[in-house]
Amino acid sequence: IIDTPGHVDFTIEVERSLRVLDGAVLVLCAVGGVQCQTMTVNRQMKRYNVPFVTFINKLDRQGCSPFRALQQMRTKLNHNAAFTQIPIGLEGNFSGIIDLIEERAIYFDGSFGQIIRYEDIPPENRMEANDRRQELVECVANADEHLGELFLEEKVPTVADLKAAIRRATITRCFTPVLVGSALKNKGVQPLLDAVLDYLPDPSEVH
């Protein structure tokens, strides 16, 4: 794992790292969203054809908006991106995340968020979760032939179908899964690591 700061002073280090990496995690601030340096790093990832997942961080901060950050990814970076998770509450009320693929709520208990607890999606979040899941399926279906066929036949994809399609589309850089959380509070970190395993290529898949 190579961790490179996003600051402009480290542009050369980022360039060198991306030359050798199989996959990347693009970390966006939920308050600042897509910034000038994000665009530079995005161009570098494109140059070296590096597949990536996106993590929208700092959901516990005042003025955060992961939905604005996603919109900026689509408009400023031209990515076919969609949430694979959405937050439960924001800022001071940020309490957990909803996994749109498995359709369940995830809470992070313990002083370091190390105890993961799975629950049903809260009733007040169910409608949004359904809408966002539909949006996810549509975005992936536009990038993956197999899921696209299921979508056109109006079949509901299984969890395995959806995960496999996201993986294929991510590796070919046709789609970017967007995850959410707060690294400071250790909320959303374990699912992010799972997403790295699920969606980014292993060495045998790198061309």
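**Chatting through the model**

Biologist: Which residues does Ile166 touch, not counting those up to four places away in sequence?
Modeller: Ile166 touches Thr84, Ile101, Leu136, Val140, Phe175, Pro177 and Tyr199. Contact here means heavy atoms within 4.5 Å.

Biologist: Before we go on, what am I looking at?
Modeller: It's a predicted model, where local features need pLDDT of at least 70 and side-chain atom pairs count only at pLDDT 80 or more, while totals for chains, interfaces and linings use all residues. Residues are numbered from 1 along each chain as its sequence is written, and side-chain values use heavy atoms, leaving out hydrogens and water.

Biologist: What pLDDT does the protein average?
Modeller: The average is 89, and 99% of the residues score at least 70. pLDDT is the predictor's confidence in each residue, from 0 to 100.

Biologist: Which elements have the lowest and the highest mean pLDDT?
Modeller: Helix α1 (residues 11-20) is lowest with 84, and strand β8 (residues 176-180) is highest with 94. Helices (H or I, at least four residues) and strands (E, at least two) are DSSP runs, numbered from the N terminus.

Biologist: Back to the inside. How many residues are in the largest nonpolar core?
Modeller: That core has 55 residues, and Ile166 is among those with the most contacts inside it, along with Ile56, Met73, Phe83, Leu136, Leu147 and Phe175. Its largest share, six residues, comes from helix α4 (residues 126-143). A nonpolar core is a set of buried Ala, Val, Leu, Ile, Met, Phe, Trp, Tyr and Cys residues joined through side-chain atoms within 4.5 Å. Buried means under 20% relative accessible area, exposed over 50%, and partly exposed in between (1.4 Å probe, protein chains only).

Biologist: And Ala81, is that buried or exposed?
Modeller: Ala81 is buried, with a relative accessible area of 0%. You'll find Ala81 in strand β3 (residues 81-83). Skipping residues up to four places away in sequence, Ala81 touches Leu70, Met73, Arg74, Cys139, Phe175, Thr176 and Val178.

Biologist: New topic: how many salt bridges does the count come to?
Modeller: The count is 13, taking a salt bridge as a side-chain nitrogen of Lys or Arg within 4 Å of a carboxyl oxygen of Asp or Glu. One of them pairs Arg47 with Glu15 (2.6 Å, N to O). That pair links distant parts of the chain, with Arg47 in helix α2 (residues 36-47) and Glu15 in helix α1, 32 residues apart.

Biologist: Are Arg47 and Glu15 buried or exposed?
Modeller: Arg47 counts as exposed at 52% relative accessibility, while Glu15 is buried at 16%.

Biologist: What does the side chain of Asp99 reach, then?
Modeller: From its place in strand β5 (residues 96-99), the side chain of Asp99 reaches the backbone nitrogen of Glu102 at 3.1 Å. Beyond its neighbours within four places in sequence, Asp99 is in contact with Thr84, Arg104 and Ile106.

Key:
Polar contact = N/O pair within 3.5 Å; in protein donor to acceptor, adjacent residues only side chain to side chain.
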